[in-house]
Amino acid sequence: MSLNKSFLIGNVGKDPDVRANDNGKWATFTLATTDRAYTTSKGVQVPERTEWHNIVVSHPGLVGVVEQYVRKGTKLFIEGKIRTRKYTDRSNNERYVTEIYVDNFELLGGRPEQASAPAPGAPAPAAPNPNPPFYNQQRSQAPGAPSFGGSGNPAPY
């Protein structure tokens with residue numbers, strides 16, 4: 001028996017990059033998780049530490065939600081699988097990248113404020129949902145929808 005599961009809560013580091021090919025659409029972005037600074041009982045100060053994670057969303061329903069709602073700074077809860085892949089860079093060097101392939105995610109906190117005020121006479125923006133939705137790949141996949149799991153995933157970069 002084995003288990004490959006990752007749970008992350010953090011802030012999106014850049015706007016998602018959504019791409020498409022013959023296999024469908026996928027989105028990639030980075031997520032920052034931060035351990036707070038603290039002082040031990042012996043007075044040793046441990047500084048804040050931020051880890052950056054490469055996130056890949058390949059489920060069609062989830063990609064649509066990412067396109068519509070996820071932006072730089074959005075706080076997310078992500079559940080997924082850790083995958084490492086090998087590729088050859090432009091200089092012909094073999095490189096490895098570790099990514100989190102998303103199974104589920106939840107928007108935390110509500111929608112970010114709009115950058116500019118609405119135009120005069122424009123309808124007021126909708127109030128943020130106090131209970132942000134939880135997106136689950138298994139529950140949201142329509143019958144007969146293509147699956148992008150396994151080795152058939154598109155190359156995200």
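**View 1. The helices and strands of the chain.** This predicted model holds 2 helices and 9 strands, where helices (H or I, at least four residues) and strands (E, at least two) are DSSP runs numbered from the N terminus. Read along the sequence, these elements follow the pattern β-β-β-β-β-β-α-β-β-β-α. Residues are numbered from 1 along each chain as its sequence is written. Because the model is predicted, local features need pLDDT of at least 70 and side-chain atom pairs count only at pLDDT 80 or more, whereas totals for chains, interfaces and linings use all residues; side-chain values use heavy atoms, with hydrogens and water left out.

View 2. Of the 157 residues in the chain, 30% are buried, meaning under 20% relative accessible area, with exposed meaning over 50% and partly exposed in between (1.4 Å probe, protein chains only). Among contacts (heavy atoms within 4.5 Å) with a separation of 6 or more, 63% join residues 24 or more positions apart.

**View 3. The buried face of helix H1.** Helix H1 spans residues 60-69, and its buried residues are Leu62, Val63, Val65 and Val66. Seen down the axis of H1, these buried residues fall within an arc of 160 degrees, so they line one face of the helix; the arc is that of the directions from the helix axis to the C-beta atoms.

**View 4. The loop at Asn92.** Asn92 lies in the loop that links strand S7 (75-88) and strand S8 (94-108). The phi of Asn92 is near 70 degrees, a positive value in a residue other than glycine, and Asn92 is exposed, with a relative accessible area of 64%.
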